[in-house]
Each structure stands twice: as structure tokens, then as C-alpha cells.
Amino acid sequence: MLRALRVTGGLDQARVVLDDRTPEPKAQPGEAIIRPRRVGVSEADLLLARTASDLTLGHEFVGVVEHVEPDETADRAGSGAVRNLVGKRVCGSISTFCRTCDMCRSGLSAHCRKRTVLGVSQRDGCFADLFALPVDNLVEAPESLDDDACVFAHQVSRALQLPQAVRIEGRPYVTVLGDNALALLTAQVLTRLNASVRVLGTVPERFALCEKWQVKHRHSDEAGRRQDQDIVVESTGDPGALALAMRLVRPRGTIVLQGMPAPIAVPAERQATLHADEAWSAPLSLTPVVSGELNIVGSRDGSIAEALAVMARAEIDVVSLITRRTKLSDGVEALRTAAQPEQIRVLMDA
Ligand SMILES: [Zn+2]
């Protein structure tokens, strides 16, 4: 029996429990069993703690492979034996893929029809003593990167994906909405491509980090709504922030959504993190999209290997985002702590 930080099915107070009678995960062919060394609590975990059911949380991890289940079909098909990563320290892409559906066959395995997502959708996550993920998802962590850095591989990959979705180079005015971990990582990535990038946030301590990284920043209350930004990146997932983005972006400009949008049922205190009067209270009007001929683009995860390489070259600072350390045994409390506004990233050790 294992420990796992699980969301239960009920809507009672104790939705998240540390269950110490969770059965061991069983590896499917081609899957690895991983023992996490360090994990990070993300905004998505807090959202899932309110909305999911019967799920082990967690998708930011660095861990050691304990077992690899051979895949005889893959061997027979000549697509190569499953890599033997036993004993290796790994990070991993959180979305699985099947290789056989129409999306996978057309090179869009990130959008596999049978996709499962670690700790998010149809796959138990890494806030546990052991968890399973396909070997194809895993990347060996470079020795030069410590566990603290490796935990951020997923979020850094999300930040790196954004310039794939929309061109940042040149002279467009770019605003990043939010000052959570994803926004701060994205701002660092984009500033290297375009010095005019600015962060609109609300927490003064985060502005000190922006100063350190030479990233422009402003309090969101002080931003003019002049519809003059070429690109607005929405990193928070707060539904109200899309309304703010539509007031900032110029006609024919682009809004990139990369924060996971919260369902409307999320209580107001989680929504009002950007600008109180733009918190979701009425149906969002999409009229500005039509009248301004706006582009709205979604951006999700990127390459874990690239994220590790960028961190290994010290091109991005992730360690400054760590605001608290605790252990899996205090996981319920860790989620509570992570929900406090002064926290950026709470890390847990096994
Ligand atoms: Zn597929």
C-alpha cells in the first residue's frame, strides 16, 4: 500500500486526503513506475482539488524510475525496444499518446484522441510514493540540474511553447497578464526575444523578481486600457482576465490563452486576483473579438527536453519561484499553503 494525495468524490470539506492505502500502480506495456523525489504544487492542482473526483493529484515532478514494463508489440513492430531507464532520474511530459489515432498519425500526438494527463485527466498523478507514465514521455535529467530546477520542467516547457504559437520577435508590444509561476517564467522567456515585454501583476514582491530579471512590470490597476498591445498573453486562467485582455489588445491583435481556465463555478476569491471589477460576474461579451477582428490562440505544453536544456544553460531562473518546502506527508496542508496569495511555488519531498 502506498501514500497518495487524492481528491475524493464528495463535495464535503475534506475533498483532498492523504490516503495511505492506495494500491501500487500497475505499469502497462511501455510504461515506467517512477518514485518521485520532489514535486511542485501548481495552480491546476488547486483547481482540481475543487473540481476533480477520484484522482491522485500532481504533475510537476522529478523522480527515479523503479521499473519499466516491456512492450512486446512495439518490439515486434520494429519501432524500437522500450528504453531501460531503471535507476535514472527523469522528468516527463504529462500528456500520453497512443501512436495510432488520426491525430497521432498526422504528427499531432500532443492532441491524441486517447490522451490521458498525469494528475489531471484519467491518470493518477505524482503526489504519491509511486506513479506510472509511459517511457516515451520521460527525459533523463541532466546531472548539472538539481531537483529544484527539474521540478519546473513542465512549467518551463509551457513558457517555451508560447513563441511557437505566436511570433514574439520584432517590435510588437507584448503584455503578460498575471504574476503566477507560469506568467513569470513566460515573461523571462519572452523578454529574451523582445525587450518590450511587460508583466501586469498585483503582488509587489513579484515586481522585485521582475527587476532582478530585467523584465518590465506594472500593477494591473495602473495599466491603461488603450487597446494598443499587439499581443496579450493570459497566464492566470481567471475568466475575468480575458475581458481585461480584450481591453488591452489592439484591433487585429492577438490574445494567447495559456492559463488553464477555471470553470465558472469557482468561488469569487480565486477569480479576483487580477482586477476586481473584471472578475467574472456576468456572461463575458465576445463582441470585441468580432469588432476588433481579434485573434485568440491557445498554447499548452512544450518540449521537456528543451525546457531542461534551457535551464541547464541558466537562461531562466526558476529557483527564485520556490516559496515553501514541505513533505508529501503534509500534502493536505501544502495545498492549503499553496493557495495563499504570497506563495508562488510550494515544493514537496517524498
Ligand atoms: Zn493518439
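Predicted model: local features only at pLDDT ≥ 70, side-chain atom pairs only at ≥ 80, totals over all residues.
## The zinc site

Four cysteines hold the zinc ion. They are Cys98, Cys101, Cys104 and Cys112, and each coordinates through its SG atom at 2.3 Å. Along the chain, these donors follow the spacing C-x2-C-x2-C-x7-C.

What arrangement do the four donor atoms make around the zinc ion? The arrangement is tetrahedral, because the donor atoms subtend angles of 103 to 116 degrees. Four donors count as tetrahedral if all angles lie between 85 and 135 degrees.

The cut-off for buried is under 20% relative accessible area. Cys101 has 9% relative accessibility, so Cys101 counts as buried. Cys104 has a relative accessible area of 11%, so Cys104 is buried too.

## Helix α1

Helix α1 spans residues 43–51. Its buried residues are Asp45, Leu46, Leu47, Leu48 and Ala49. What covers them? The cover includes three strands, β1 (2–7), β2 (16–22) and β3 (31–41). It also includes a helix, α11 (331–338).

Ser42 caps the N-terminal end of α1. A side-chain oxygen of Ser42 lies 3.1 Å from the backbone nitrogen of Ala44.

## The nonpolar cores

The largest nonpolar core has 44 residues. Which of them touch the most other members? They are Val156, Leu190, Met311 and Leu321. Several elements give two or more residues to this core, including the helices α4 (147–150), α5 (153–165), α7 (204–213) and α10 (304–312). The strands β9 (174–177) and β12 are also among them. Helix α6 (181–193) belongs to the list as well, and α6 gives the most, with seven residues.

Take Val156 as an example. Leaving aside neighbours within four places in sequence, Val156 is in contact with Leu185, Ala307, Met311, Ile316 and Val318. A second, separate core has 33 residues. Among them are Leu5, Ile34, Val117 and Cys126.

## A serine in a loop

Where is Ser235 placed? Ser235 is in the loop between strand β12 (229–234) and helix α8 (239–248). Is Ser235 buried or exposed? Its relative accessible area is 2%, so Ser235 is buried.

The contacts of Ser235 come next, leaving aside neighbours within four places in sequence.

How values were computed
Residues numbered from 1 in each chain as written. Heavy atoms only, no water. Buried < 20%, exposed > 50% of the residue type's maximum accessible area, 1.4 Å probe, protein only. Helix = DSSP H or I, 4+ residues; strand = E, 2+ residues; numbered from the N terminus. Contact = heavy atoms within 4.5 Å. Polar contact = N/O pair within 3.5 Å; in protein donor to acceptor, adjacent residues only side chain to side chain. Donors = N, O, S within 2.8 Å, 3.2 Å for Na, K, Ca; no water. Tetrahedral: all angles 85-135°; square planar, octahedral: opposite > 155°, others 65-115°. Core = buried A, V, L, I, M, F, W, Y, C linked by side-chain atoms within 4.5 Å.
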